[in-house]
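Here are my notes on this one, point by point. Have the coordinates open while you read.

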Amino acid sequence: MLRGFAACLAALLACSAQAVELTVNAGPYVPSPQSVVADMLKLAHVGPQDYVIDLGSGDGRIVLTAAKVFGARGFGVEIKEDLVRRANAAAQSQGLAKRVHFVNADLFLTDISQATVLTMYLLPHTVNLLRDKLFKELRPGTRVLSHDYPLDGWQHVEMVHMDLDDKLPISGTTTTLIFLYRVPEKVAGRWRATVPASVHAGDIELDLEQKYTLLSGAARIAGARVPIVDGRIVGRTLSFSLRSSGAVHAFEGEVIDGAAHGMVKTAGQSAAWRARRAPKSD
Ligand SMILES: C[S@@+](CC[C@H](N)C(=O)[O-])C[C@H]1O[C@@H](n2cnc3c(N)ncnc32)[C@H](O)[C@@H]1O
């Protein structure tokens, strides 16, 4: 459906000249319609406490709107010098220059660790090239908004689908999607968990493997290896299931500073569990 947009943008790449050396051209300048900008920022509940970074910021509209309407601070990074100049001039003329600025640089080489909200409207393969960077550099809980294209292998928190006539000349379709993600906490490794008797009489070990928001691995329960199924982590909230002794144990919990706690449901009954990262020697 949205392939038309990708093809149309890709065809324009040859014409785009820029002064800064590029690692990857993430797409030509195609501005997000202003209504999509507002909807993106509302979806992430952007407010005065936020620091918004737009990757490939074009004329700066996302960061400018975040500052002007929602009171946020932030910056945009853009490869085209003329657009950076235009965005900084707009920040100046709108009295926002103390809170937002625009830099002429390659988005792939930009430090994004300051963001509490990260936005992008880039070609689909570029969005996916950024998955490792987002996971490594952004703090857990940071909201990531992508206009039209998903981060493969990341579980979204919300996806909004709209039909907009403004998108017809860009995408060849009115379909507009906004994906909202929360950067997951890093939980891979060994954990020691205290679980209710419905799961096991005594502590168990969890060996967690993580690929972005997907959790896998196994629990060690009384010497037996029990695979972790349906595992995911979105921001600090994790969930997974264990099937042992003929029952399904559905775990949910929050992870903060190397400790997890929550509830586990077995046959309709809920009880508390908690876990800590196991010492390195285990
Ligand atoms: C589709 S436009 C989006 C503009 C703006 N974010 C918006 O939503 O209105 C993508 C922008 O990314 C810029 N861009 C492409 N590759 C880039 C790179 N490697 N580093 C920085 N900017 C890049 C393009 O010049 C273009 O302005």
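1. By class, which residues make up the shell around the ligand? There are 15 nonpolar, six polar and five charged residues in that shell. In this tally Ala, Val, Leu, Ile, Met, Phe, Trp, Tyr, Cys and Pro are nonpolar, Asp, Glu, Lys and Arg are charged, and the others, Gly among them, are polar.

2. A word on ground rules. This is a predicted model, where local features need pLDDT of at least 70 and side-chain atom pairs count only at pLDDT 80 or more, while totals for chains, interfaces and linings use all residues. Residues are numbered from 1 along each chain as its sequence is written, and side-chain values use heavy atoms, with hydrogens and water left out.

3. Back to the ligand. The residues that come nearest, out of the 26 around it, are A26, S32, D54, G56 and E78; a residue counts as near if one of its heavy atoms lies within 4 Å. On its own the ligand has 600 Å² of accessible area, and the protein covers 100% of that (Shrake-Rupley method, 1.4 Å probe; for residues, only the protein chains shown count as cover).

4. Now helix 3, residues 61–68. Six of its eight residues are buried, namely I62, V63, L64, T65, A66 and A67. Buried means under 20% relative accessible area, exposed over 50%, and partly exposed in between (1.4 Å probe, protein chains only). Their cover includes helix 2 (34–43), strand 1 (51–55) and helix 4 (81–93). Helices (H or I, at least four residues) and strands (E, at least two) are DSSP runs, numbered from the N terminus.

5. Have a look at T176 in strand 7 (residues 175–182). T176 is buried, at a relative accessible area of 0%. Its side chain makes a 3.2 Å polar contact with that of K167 (a pair of N or O atoms within 3.5 Å; within protein, one must be able to donate a hydrogen and the other to accept it, and residues adjacent in sequence count only if both atoms are side-chain atoms).

6. Lastly, G262 belongs to strand 14 (residues 259–266). Is G262 buried or exposed? Buried, with a relative accessible area of 17%. Beyond neighbours within four places in sequence, its contacts (heavy atoms within 4.5 Å) are E252, G253, A271, A272 and W273.
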